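The sequence and structure are shown first.

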Amino acid sequence: MRLSRSFLLLAVSVILFFTSCKKENKNQGSQPASSDTTCVTGHAVGDGAIIRGQYIVSYNSSMDTRSMSLQRIAETSTKILENNLIKASALQQSFAGEPGGFVAKLTDEEITRLKKDPSVGIVERDRVIALGICFTVTSPRLITWSVKRVGYGDGTGKTAWVIDSGIDFGHPDLNVDSVRSRSFLSGNSSPRDENGHGTHVAGIIGAKNNSIGILGVASGANLVSLRVLDANGNGALSSIIQALAYANTNARAGDVINMSLGADTVSQILDQQVENTAARGILIAIAAGNDKLPAHNFSPGRANGTNIYTVSAIDSLDRFASFSNYGNDVVDVAAPGVSILSTYLNGRYAIMSGTSMAAPHVAGLLLLRGKNMSSSGTAKNDPDGTPDPIAHY
Ligand SMILES: [Ca+2]
Ligand SMILES: [Ca+2]
Ligand SMILES: [Ca+2]
């Protein structure tokens, strides 16, 4: 039986990739596969590609934009553009957070002028993020091997912010916070999932303790959808930065942000947003990525600091997943990420693989335990020679 493996990597270069191999088999059993060699992952077409002419501009860190309204930030951005003889129509989006900034269409000459402006921090190219997803739709079972492995508890009243492809708002096994959910996709204001990846991640964190489906690590938690990936698993680096900025100003200390995605390069603006948000007491679980490479090559997994947990993947036998990124200069902990059963679009359930699935196990534990999250055992055959501790309640 061929099983899926989906993986999401967040590359800082603003490209996410997924493999594409969709299978739906309603009669399939729900036994987890111990192998991660089926359904080989690959880079999705377009992942990491430059979005021509589009740039992310952060304000100088001395500018306090965190408490400013988006309207006010947009006015400030427009003023910066005008001061540098750039037409206001260049402005695409603005964001608060730490650092705040904006997304704009710019020429090389305009960038040169902007970089000299003391109110500007960093100017980065915007990039495509594309996920390769591979999954098998299957039948549910109440307590999956992976949730049993890390431990679980009651997440009622706790909040996880899921930066991903959205969440299936109608799924009977999920408690979605529709009021605070947002889309950061340009031209699409719905935070509902049309891809399946975000719904799968959300279920691992907080599927309800009821008579159906599965049990999440922190069952019943409030799940906020911050949508940055479209139906095909594609998005932009600038959307991830905007979503994080929104969470920075709306989440509370003790809340958890899950980032099962990444760029295929480094983004200083994204890393700064992660580090400054975590410094506010908001806990952040981040997928290490699925490139079989050092995790320090990619944002936001490379971001380090208190309250930041970069997560590698293991299988049901505690073996380090063949696809997982590694390196304890940035990786903090391992969690199950091979053949993981969770919620899927339209009230269904599916099996996916990737560090994308490992991070939300840690997100659930962080909701329950915060900094007191423990570990149990270590990853076997960890390629960097320092076995990662396996996250546990
Ligand atoms: Ca359930
Ligand atoms: Ca780290
Ligand atoms: Ca390691």
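The model is predicted.

**Overall organisation**

The protein holds 7 helices and 22 strands. Of its 393 residues, 61% count as buried. Among contacts with a separation of 6 or more, 80% join residues 24 or more positions apart.

**Nonpolar core**

The largest nonpolar core has 113 residues, of which Ile163, Ile284, Val311, Ala335 and Val362 touch the most other members. Helix H7 (residues 355-369) supplies the largest share of this core, 9 residues. Because domain 1 (10-48 + 132-392) and domain 2 (51-129) both give residues to the core, it lies between them.

Beyond its neighbours within four places in sequence, Val362 is in contact with Ala285, Tyr309, Val311, Val333, Ala335 and Ala391. Ile390 is located in strand E22 (residues 389-392). Since 20 or more C-beta atoms within 10 Å make a residue buried, Ile390, with 22 others in that range, is buried. Residues up to four places away being left out, Ile390 touches Ile314, Asp318, Ala334, Ala335, Ser375, Ser376, Gly377, Thr378 and Ala379. Its C-alpha atom is separated by 9.1 Å from that of Ala313, 77 residues apart along the chain.

**Covered helices**

Helix H4 (residues 197-206) has 10 of its 10 residues buried, among them His197, His200 and Ile205. In helix H6 (residues 268-278), 8 of the 11 residues are buried, including Ile269, Leu270 and Val274.

**Backbone geometry in loops**

Most residues other than glycine have a negative phi, and most peptide bonds are trans. The table lists departures from these patterns.

| Site | Feature | Value |
|---|---|---|
| Glu98 to Pro99 | cis peptide bond | omega near 0° |
| Ser299 to Pro300 | cis peptide bond | omega near 0° |
| Leu85 | positive phi, not a glycine | about 60° |
| Asn381 | positive phi, not a glycine | about 60° |

Pro99 lies in the loop between strands E4 (91-95) and E5 (101-105), while Pro300 lies in the loop between strands E16 (283-287) and E17 (308-314). Leu85 is found in the loop between helix H1 (70-83) and E4. Leu85 counts as exposed because it has 9 C-beta neighbours inside 10 Å; Asn381, with 11 such neighbours, also counts as exposed.

Terms used. Residues numbered from 1 in each chain as written. Chains lettered and ligands numbered in written order. Predicted model: local features only at pLDDT ≥ 70, side-chain atom pairs only at ≥ 80, totals over all residues. Buried ≥ 20, exposed ≤ 12 C-beta atoms within 10 Å, placed from the backbone. Helix = DSSP H or I, 4+ residues; strand = E, 2+ residues; numbered from the N terminus. Core = buried A, V, L, I, M, F, W, Y, C linked by C-beta atoms within 7 Å. Domains from an automatic or database assignment. Contact = placed C-beta atoms within 7 Å.
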